[in-house]
Amino acid sequence: MGRRTLAIIALLALAFAILTGLAVRSGILSPTPKQTAAVGGPFQLVDQTGRSVDQRLLKGKWSAVFFGFTHCPDVCPTTMFALGGAEQALGGQAKDFQTVLISVDPGRDTPQQMAAYLANPAFPKQVWGLTGSQAQVDAVAKAYHVFHQKAGEGEDYTINHSSITYLMNPRGEFACVIPYGTAPDAIAAKVRAAMKQGPRATSC
C-alpha cells in the first residue's frame with residue numbers, strides 16, 4: 001500500500017474521529033439523550049384581589065407553584081400547610097420565596113373565594129391565589145403538565161388533579177419538583193439548595 005493511500009486513510013480516520021466526538025458532545029450518539037420537557041410558560045389569570053396577572057408574577061422570587069382548589073378535602077390543605085411551614089423554616093430567606101396556588105376549579109374559585117381560603121393563618125403569608133376562565137386554567141395546567149378532571153355532579157363535585165409542587169427559579173423557569181407529602185423542613189432544604197445555585201438553578 002502506497003504512502004499516498006496511507007495518508008488518505010489516516011486523514012479519513014482523523015476526520016471520522018472528530019465528527020464522532022462532536023456527535024457525542026452534542027448528544028446525537030448518546031445512549032441516553034437528555035430530553036427534558038419544558039415546564040411552565042405564559043399565562044393570563046387573575047389573583048385573589050381580582051387583578052389580572054401573567055407569568056411575570058414568578059419573576060424575582062423563588063416560587064412554589066401548586067395546582068389545587070379551595071374545596072379540596074385533603075391534598076390541597078396538606079400541601080398548603082407544608083408550604084406555610086417551609087416559609088417559616090426559611091427564616092430570613094423567606095423574603096425571596098412565594099407560594100402560587102393555581103385553581104383547577106374556576107367554576108367555584110372566584111377571587112373572593114381564593115382570598116378567603118388563603119386567609120388561613122397556617123398557610124404561607126407570601127401567597128398568590130390564581131384563577132380565571134376554564135380555558136385559561138386549562139392552558140396553564142397544560143403548560144405545567146398538570147392533570148385535572150372533574151369527578152361527580154351537582155354542587156358536591158370534586159376535582160382529581162396532580163399533587164406535586166413545582167419550584168420555579170427567579171427567572172420563572174423550572175428548577176425541580178417537590179413531591180406531595182414532603183415535610184416543611186425538607187421543602188425548605190430544597191429551596192435553599194436551589195438558592196445556592198443562583199437564579200438560574202435547574203435542580204434542588
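Predicted model: local features only at pLDDT ≥ 70, side-chain atom pairs only at ≥ 80, totals over all residues.

Student: How many aromatic pairs turn up over the whole structure?
Tutor: Five aromatic pairs come out of a search of the whole structure.

Student: What about charges on rings, which residues have a charged end over Y157?
Tutor: R108 has its charged end over the ring of Y157, 3.7 Å from the centre. The charged end of K150 also sits over the ring of Y157, at 4.3 Å from its centre.

Student: How do β4 and β5 run, parallel or antiparallel?
Tutor: Parallel: strand β4, residues 97-103, is joined to β5 by four bridges. If you want a spot to look at, I102 has L130 in β5 as its bridge partner.

Student: And where do the side chains go in a regular strand?
Tutor: They alternate between the two faces of the sheet.

Student: Which strand does β6 pair with through four bridges?
Tutor: That's β7, residues 158-161, and the two run antiparallel. Q149 stands opposite N160 in β7. Together β6 and β7 make a hairpin with six residues between them, and G152 in the turn has a positive phi of about 95°.

Student: Speaking of phi, which residue other than glycine has a positive value near 60°?
Tutor: H145 does, with phi near 60°. Most residues other than glycine have a negative phi. H145 lies in the loop between α4 (134-143) and β6 (148-151).

Student: What about V146, buried or exposed?
Tutor: Buried, because its relative accessible area is 9%, and the cut-off for buried is under 20%. V146 is also in the loop between α4 and β6.

Student: What does V146 touch?
Tutor: Leaving out residues up to four places away in sequence, V146 touches F67, A141, S162 and Y166. F67 and Y166 are also members of the aromatic cluster we began with.

Student: Let's zoom out. How many helices and strands does the chain have?
Tutor: Five helices and nine strands. Along the sequence the pattern reads α-β-β-β-α-β-α-β-α-β-β-β-β-α.

Student: What share of the residues is buried?
Tutor: 41% of the chain's 204 residues count as buried. The accessible surface is about 11200 Å², and carbon and sulfur atoms make up 59% of that.

Student: Last one: what share of the contacts comes from residues 24 or more positions apart?
Tutor: 70%, taken over the contacts in the chain with a separation of 6 or more.

Definitions and conventions. Residues numbered from 1 in each chain as written. Heavy atoms only, no water. Phe/Tyr/Trp six-rings, centres within 6.5 Å; stacked < 30°, edge-to-face > 60°. Lys NZ or Arg CZ within 6 Å of the ring centre and 35° of its normal. Pairing = 2+ DSSP bridges. Buried < 20%, exposed > 50% of the residue type's maximum accessible area, 1.4 Å probe, protein only. Contact = heavy atoms within 4.5 Å. Areas by Shrake-Rupley, 256 points an atom, 1.4 Å probe, with all protein chains shown as cover.
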